[in-house]
Amino acid sequence: MPVMSTNTTAGIDGSRPDDDAHEGTGIDHPSRSDGFVRGLSEVIGGPLGEHAVGFDRPANRWVGRFWTATRIVLALTCLTLALHWLQKSPCQDGAWQNNVQYTRFCYTDVLALYFAEGLNEGKVPYKDHPVEYPVLTGYFMGALGLPVHSFGETRPEVNQAMWFYNLNALVLGALAVATVATILSLRRRRPWDAALFALSPALLVTATVNWDLLAIGLAAFGFYAWAKRRPAAAGILLGLGGAAKMWPLFILGPILVLALRSNRLKQAFIAIGTAIVSVVAVNLPVAIPYRENWDRFFELNTERGVDWGTLWYIGRYLDSKWNTGAPGDQGPFQWLSNNIHTLNYLSYALFFVACLAIAGLALRAERRPRLAQLAFLVVAAFLIFSKVWSQQFVLWLLPLLVLARPRWGAFLAWQFAEIGYFLAFYGELLGAGGNQVIPEGVFVLAATLRLTTVAVLCGLVVRDILHPELDPVRATYRDDPDGGVFDGAPDAPWFVRWRRGGGEDRSTDGEPVAVGVSPSPSDPSSPPAGAPAAG
């Protein structure tokens with residue numbers, strides 16, 4: 001029989017009356033579904049039994065009723081953020097003497113830029129001072145910094161920098177908790193996936209190094225809006241995220257490719273259009289009257305040299321080791337480092353080629369990939385080929401990986417590599433200040449391990465796309481819980497014809513069959529992806 005569209009159950013607003021009703025009632029337990037966690041569980045007696053009282057099946061006690069999986073994960077997020085605040089506390093007063101910000105691993109741009117961006121003098125971002133970040137981040141800095149300065153002007157006993165940092169930590173922490181809540185809403189049958197974010201060592205050490213959680217929160221909200229079939233809201237939120245840090249705009253590319261394959265271009269164009277309008281609306285009030293100060297972000301990204309820990313930095317180090325010392329002898333990475341504009345073009349070109357490869361993967365895969373899988377691959381490719389990879393950029397990938405591949409083993413390997421880089425980075429900072437702590441080769445090794453683990457994660461996500469029976473999310477959900485209009489939608493007729501070489505595949509009774517189509521989410525009898533067929 002031909003596969004029919006699955007949108008008949010959608011409400012007026014595009015959402016289904018019961019988004020999770022068709023998925024069943026069981027909660028995924030990592031001790032049973034995740035090989036790594038199952039192995040660790042042997043230490044305490046093995047995986048949770050089928051008849052044990054789990055947090056999704058509480059005993060008739062107040063504690064059991066209150067401490068659901070969702071509340072535990074949210075509490076763990078708050079605990080991690082509290083520990084992060086303690087880890088940064090030695091730097092909160094802004095009195096950084098004797099490199100305390102490096103020896104105590106507590107440096108944060110939030111404190112440093114309170115002074116560097118003139119907020120301590122009451123300067124309005126962009127109007128009175130150029131800002132090195134996209135506009136919405138500048139707005140955010142001013143919205144918190146200027147009231148703190150105004151409050152402290154008549155109160156000399158107030159440490160403005162400390163107040164500014166703590167206010168930022170509070171707001172950014174709330175955005176982190178909201179991001180976890182969004183992940184929990186997207187994964188109601190897999191609430192423990194969000195524990196990857198909540199317990200992330202990288203979140204522990206980098207949460208408030210910069211304002212990245214602002215863009216992460218907006219991107220997560222945009223993801224949620226798309227999953228709930230509200231493309232205009234998704235576009236607005238992703239556009240606002242892109243106005244804070246550019247990477248949330250990259251998610252629009254996977255949306256477009258999946259829309260092309262599923263014949264849902266109208267919704268994709270709405271999201272893209274509203275995202276563009278959002279970016280323009282946020283930027284225009286600054287770009288027109290303060291063009292020179294607004295241009296600072298773009299000038300800095302164009303002129304900035306090779307940053308620590310990037311692919312290009314690693315290559316330049318290897319060039320120096322292989323250099324014979326002859327006059328004019330320099331390797332390709334050293335040459336690129338000396339020709340920044342050429343490096344810019346090469347970096348952009350490699351990212352563009354990677355995006356084309358990801359689009360090709362999405363179109364060639366037998367089963368349509370999930371949105372989170374493609375979004376993770378795109379953002380990871382940007383970081384791998386970028387000439388700047390700051391320590392806190394790990395946060396960009398965190399929610400995307402939780403949604404794309406919630407497996408603890410590879411996740412922890414990546415996190416350990418990130419922590420190793422974090423420690424080596426501070427050693428490198430001390431070395432740059434004249435206090436050599438570690439050899440340069442140790443820092444390069446840490447950067448290489450970080451890059452390698454991200455590349456391995458990309459390979460594992462690609463494997464899950466090519467072999468969807470290995471995808472842990474599709475072992476629980478029938479298709480794509482983040483996909484919105486893509487969830488359960490059949491492939492477009494043109495795509496089916498293209499995949500079949502222009503012909504038409506027919507079943508045994510002579511009726512056409514669409515290939516690579518997800519089971520209908522509105523059919524409760526449809527088994528989850530990867531489940532054995534009956535009979």
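W247 is in contact with A215, I216, A219, V379, W396 and L400, leaving aside neighbours within four places in sequence. This is a predicted model. The protein has 24 helices and zero strands. Of its 535 residues, 52% count as buried.

**The nonpolar core**

- The largest nonpolar core has 141 residues.
- W247 is among the residues with the most contacts inside this core, together with W211, I255, F376 and W414.
- Helix 20, residues 371–385, gives the most to this core, with twelve residues.

- D212 has its place in helix 11, which covers residues 212–227.
- D212 counts as buried because its relative accessibility is 1%, and the cut-off for buried is under 20%.
- Not counting residues up to four places away in sequence, D212 touches K245, Q392, F393 and W396.
- W396 is also on the contact list of W247.

- Helix 4 runs over residues 69–88.
- Its 20 residues should span 28 Å at 1.5 Å a residue. The end C-alpha atoms are 29 Å apart, which agrees.
- The buried residues of helix 4 are A69, I72, V73, T77, T80, L81, H84 and K88.
- An α-helix has 3.6 residues a turn, so residues three or four places apart point the same way.
- The cover over the buried residues of helix 4 includes helix 8 (160–186) and helix 9 (195–198). It also includes helix 10 (201–206) and helix 22 (408–432).

- L79, L83, W85 and L86 make a nonpolar surface patch of about 380 Å².
- L86, one of these patch residues, lies in helix 4.

**Salt bridges**

- The structure holds 16 salt bridges.
- D464 and R405 form one of them, with their closest N and O atoms 3.2 Å apart.
- D464 lies in helix 23 (residues 440–466), and R405 lies in the loop between helix 21 (394–404) and helix 22, so the pair ties together parts that are 59 residues apart in sequence.
- Both D464 and R405 are buried.
- K127 and D128 meet through their side chains in a salt bridge, at 3.5 Å from N to O.
- D128 counts as partly exposed because its relative accessibility is 36%. K127 also counts as partly exposed, at 45% relative accessibility.
- R291 forms a salt bridge with D295; here the closest N and O atoms are 3.3 Å apart.
- A network of salt bridges links R261, R367, R368, R474, D479 and D491.

**Contacts and surface of the whole protein**

- Among the contacts in the protein with a separation of 6 or more, residues 24 or more positions apart account for 73%.
- The protein exposes about 23,200 Å². Carbon and sulfur atoms supply 64% of this area.

Methods. Residues numbered from 1 in each chain as written. Predicted model: local features only at pLDDT ≥ 70, side-chain atom pairs only at ≥ 80, totals over all residues. Heavy atoms only, no water. Patch = residues over 30% accessible without salt bridge, like charges linked within 9 Å, V, L, I, M, F, W, Y side chains within 5 Å. Areas by Shrake-Rupley, 256 points an atom, 1.4 Å probe, with all protein chains shown as cover. Salt bridge = Lys/Arg side-chain N within 4 Å of Asp/Glu carboxyl O. Helix = DSSP H or I, 4+ residues; strand = E, 2+ residues; numbered from the N terminus. Expected span 1.5 Å × (residues − 1). Buried < 20%, exposed > 50% of the residue type's maximum accessible area, 1.4 Å probe, protein only. Contact = heavy atoms within 4.5 Å. Core = buried A, V, L, I, M, F, W, Y, C linked by side-chain atoms within 4.5 Å.
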